[in-house]
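Here's a quick tour of this one, strands to start with and then helices, core and chain contact. Have the viewer open as you read.

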Amino acid sequence: MTTAANRFWRETEAVLAELPAGVRLHRDDFYSQPDWDVFQMRYTSADGFRLFAWLSVPHGDGPFPAVVRMPDYASVHDIVYTPMRERAVVMNPTFRGQRQSDQVLQAEFPGLLTEGIENPETYVMRRVFADALRGFDVLLAEEQAQVGEVAIIGTGLGGALALAVAARRESVKAVAANTPMALGNPASLAPGLAYPLAELDDYMRLYPDRKDAVKKNTADLDPLKTAAKITAPVLLSVGIYDTGSCPLAFGEKLAERIPDCDLRVYHGAGEGGGHEHAQIQLSWLSDKLGLG
Amino acid sequence: MATEQDLQDFTTQVTCPDDFDDFWAVTLEMLSAISLKPVVSAEPLRSNDDVHVFNVTYLSLGGLEISAWYSLPAQGNGPFPAVINFPGYKSEPPVRRDWAKKGVAVLSVAVRGKLKSNSEFNPGYPGLLTSGLESKETYGYRGVISDCVRGVDFLRSRPEIDPGRIFACGTSQGGGLTLITSALRPEIKAGVSGYPFLCCYPESMAMFRSYPYDELACYARAYPDQEEQMLETLRYFDAVNFAPRIKCPMVVGIALEDEVCPPETSYAAYQALTGNKELWLFPNSGHGNAHEYPGQERAWLESQIELSAGGS
């Protein structure tokens, strides 16, 4: 990892360490199911932002294995169904600007990827990574959930967040990252990409004098810079036609850097391996978490 | 996984209310009484040498201001053929520069509740599917569908658009809205409906435990005395009841492994179509992730656009 990236992550951890998480948990009677309870979770992240997460906890005695589903680059992170909810705690944390975490900042899509990018202090995506770390930490500290071993999953930006958290937290048991966003890597700055990465090129086209700032202020987030630190096994899926999140060459480099990586390459684009990979991922995670 | 036989064996319990057409005629009449008041503003950040992108606003049911991304070819003054793109349930409308680069105008509608159109109506996600279910008059989707209809009206009002060459597409909720809007606005010349949502509500909420349909199951569990009324309201918003009213050619794409929108229910909408229709089945794909779908959608719409050249 570069010195600058090291400093970024160290400072991010320090900012989080100084702030109490202030977790509030509220059972959602409407969305709770006969087999599991659904909770609305709120907690504090960097800069005092209050964040929201959906949390589901199976009925019965814990501890339960847990799955943290990091949010993709979208305005919503809802209560996505997974059959694992019947046997595992599932947390869907949001990042700042997403719905229900938007009291201070209402993210725009497209738009968030370059929000405040001219200055590292104001670039929102650097704080989005802090939000991901915070989400993971509050889950581990949550008594209600009785959390056992934890896997992190995510697609697109969520894939990059999952890998970043796994690089910082050795307690992560397994990671399943689909088409992780190349934000921070030079591959993300190429012209002609699809959205969401194309937002960066849009910005540099309109503000050509800020190209260096874009490169500099995103660089610390490059998944390649932290990949070698991941101790958990990683299931990584990429699509050969993906130009909006995880260009193939970037995905292959990423797989090389991750010490224990199972790379699956599919004939997809942003959807990566689609249904086929979803089945593989479910089976892989169940195995890693001892869910049978 | 659903099989083709499962699709064919499926029968929905959804029936069409006697006053279905009257209800929608009244709604369209209400819409026509509201001035469109379109505002088109350049979006330099999203524009490039090939495509000019604009943010559009127009007024819809209840006087709500609705936003949309409007992408126009940078070359030429038109009139251009146009595609109206309807959004999914959770996703924000995309900026579609790909088609505009090829000479087709694209309007990508942010229906009420989406980030760009939520100042007065913001039920959230989850939440939209159960918002105002107490009656057909108050149901949130009455407004959402109106917003799509008004998008077609916006395109028809534009001098740079060929009003005889307007096409529609969308996936998931956008697929359902493609069917519904095509029934309400015969000016749409052809459409592609992928993995359509908003079909066969009673069966869809019972078949899977995935969202968004599970919002309806949660509602029924929380308010058991209101389930009957909920299902009555939903009859007026079921794409299966709109399908026979569609006159233009229509494609329905179905993923047989779809765990969000049951394939059987999408097939019921396809079956209910009475005009020219085409079925695309994707055996090894789930909701929204058939690798072949985007290419097929693009090719089919391009062929329809080409067919319509000189015929309007």
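Let's start in a sheet: strand E3 (residues 50–58) of chain A pairs with strand E5 (residues 89–93) of chain A in the antiparallel sense, over 4 bridges. Strands here are DSSP runs of at least two residues (E), helices are runs of at least four (H or I), and both are numbered from the N terminus; two strands pair if DSSP finds at least two bridges between them. This is a predicted model, where local features need pLDDT of at least 70 and side-chain atom pairs count only at pLDDT 80 or more, while totals for chains, interfaces and linings use all residues. Residues are numbered from 1 along each chain as its sequence is written, and chains are lettered from A and ligands numbered from 1 in the order in which they are written.

E3(A) also pairs with strand E2 (residues 36–44) of chain A, again antiparallel, over 9 bridges.

| Residue | Stands opposite |
|---|---|
| A:Gln40 | A:Trp54 in E3(A) |
| A:Asn92 in E5(A) | A:Trp54 |

The E2(A)–E3(A) hairpin has 5 residues between the strands, and A:Asp47 takes a positive phi near 65 degrees there. E3(A) is mostly covered, with 8 of its 9 residues buried (20 or more other C-beta atoms within 10 Å, with C-beta atoms placed from the backbone).

On to the helices. The axes of H2 (residues 124–141) and H3 (residues 157–168), both of chain A, come within 9 Å and cross at roughly 60 degrees (axes are lines fitted to C-alpha atoms over the stretch in contact, and angles run from 0 to 180 degrees between N-to-C directions). Residues in this contact include A:Phe129 and A:Phe136 of H2(A), plus A:Leu161 and A:Arg168 of H3(A); contact puts the C-beta atoms within 7 Å.

What about the core? The largest nonpolar core has 189 residues, and A:Ala66, A:Ile152 and A:Val175 touch the most other members. Such a core is a set of buried Ala, Val, Leu, Ile, Met, Phe, Trp, Tyr and Cys residues joined through C-beta atoms within 7 Å. Beyond four places in sequence, A:Ala66 touches residues including A:Val89, A:Met91 and A:Leu139.

Over in chain B, B:Val252 sits in strand E8 (residues 250–255). B:Val252 counts as buried because it has 27 C-beta neighbours inside 10 Å. Its contacts beyond four places include B:Pro196, B:Ala269 and B:Leu279.

Lastly, the contact between the chains takes 25 residues from chain B and 25 residues from chain A.

How values were computed
Buried ≥ 20, exposed ≤ 12 C-beta atoms within 10 Å, placed from the backbone. Contact = placed C-beta atoms within 7 Å.
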